[in-house]
Amino acid sequence: RMLAAYRLLRTALGLGDASRVPYNLLATRDWMMLVPRSRAEHLGVNVNALGFAGSLLVRTPEQFDAVAALGPLELLRQVAGVAP
């Protein structure tokens, strides 16, 4: 079932079997989310699947301040390449 759902998500997003578009995959027993990415980081903050699950990890106080000023959702938009 999970494999079928994964394939359905890839197809819905236009990510065929040969596609090499980077993405983050989040899954539980009840749902699955696939987020295509345009880049791995913004403002020096690396965003992986945990970021899309709500855990943005920063290394320095400056990164924390940059994320706070930009806003976490905007950081995710920048990494995902989604228009506001």
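Predicted model: local features only at pLDDT ≥ 70, side-chain atom pairs only at ≥ 80, totals over all residues.

Trainee: Which residues of α4 are buried?

Mentor: In α4, the buried residues are E74, L75, L76, V79 and A80. They pack against β2, β3, β4 (45–46), α2 (49–52) and α3 (61–70).

Trainee: Why is A80 called buried?

Mentor: The cut-off for buried is under 20% relative accessible area. A80, in helix α4, has 14% relative accessibility, so A80 counts as buried.

Trainee: What does A80 touch, leaving aside neighbours within four places in sequence?

Mentor: A80 is in contact with V35, P36, R37, S38 and F52. As for M33, 47 residues away along the chain, its C-alpha atom is separated from that of A80 by 13 Å.

Trainee: What makes R77 and E74 a salt bridge?

Mentor: Side chains of opposite charge can pair when their charged atoms come close. The rule asks for a side-chain nitrogen of Lys or Arg within 4 Å of a carboxyl oxygen of Asp or Glu. For R77 and E74 the closest N and O atoms are 3.1 Å apart, so the pair meets the cut-off of 4 Å. A search of the whole structure finds 1 salt bridge.

Trainee: Where do R77 and E74 sit relative to one another in helix α4?

Mentor: The two are 3 residues apart in α4 (residues 72–80), so about one helical turn separates them. R77 is partly exposed, at a relative accessible area of 31%.

Trainee: How many aromatic pairs does the ring rule give?

Mentor: The count is 1 aromatic pair. The ring centres of Y6 and Y23 are 6.5 Å apart and the planes stand at 50 degrees, so the pair is tilted. Stacked would need planes under 30 degrees apart, and edge-to-face over 60.

Trainee: Which parts does the pair tie together?

Mentor: Y6 belongs to helix α1 (residues 2–12) and Y23 to strand β1 (residues 23–27), so the pair ties together parts that are 17 residues apart in sequence. Y23 has a relative accessible area of 26% and is partly exposed, because that value falls between the limits of 20% and 50%.

Trainee: How do you know that β1 and β2 pair?

Mentor: Pairing requires at least two bridges. β1 and strand β2 (residues 32–36) have 5 bridges, in the antiparallel sense. N24 stands opposite V35 in β2, and a hairpin of 4 residues joins β1 to β2.

Trainee: Is H42 buried or exposed?

Mentor: H42, in strand β3 (residues 41–42), has 16% relative accessibility and so counts as buried. Not counting residues up to four places away in sequence, H42 touches L70, L75, Q78 and V79.

Trainee: What makes the approach of Q63 to R59 a polar contact?

Mentor: The distance limit is 3.5 Å between N or O atoms. A polar atom of the Q63 side chain lies 2.6 Å from the backbone nitrogen of R59, which is within that limit. Q63 lies in helix α3 and is buried, with a relative accessible area of 12%. Leaving aside neighbours within four places in sequence, Q63 is in contact with L43, G44, V45 and V58.

Definitions and conventions. Residues numbered from 1 in each chain as written. Heavy atoms only, no water. Buried < 20%, exposed > 50% of the residue type's maximum accessible area, 1.4 Å probe, protein only. Phe/Tyr/Trp six-rings, centres within 6.5 Å; stacked < 30°, edge-to-face > 60°. Contact = heavy atoms within 4.5 Å. Polar contact = N/O pair within 3.5 Å; in protein donor to acceptor, adjacent residues only side chain to side chain.
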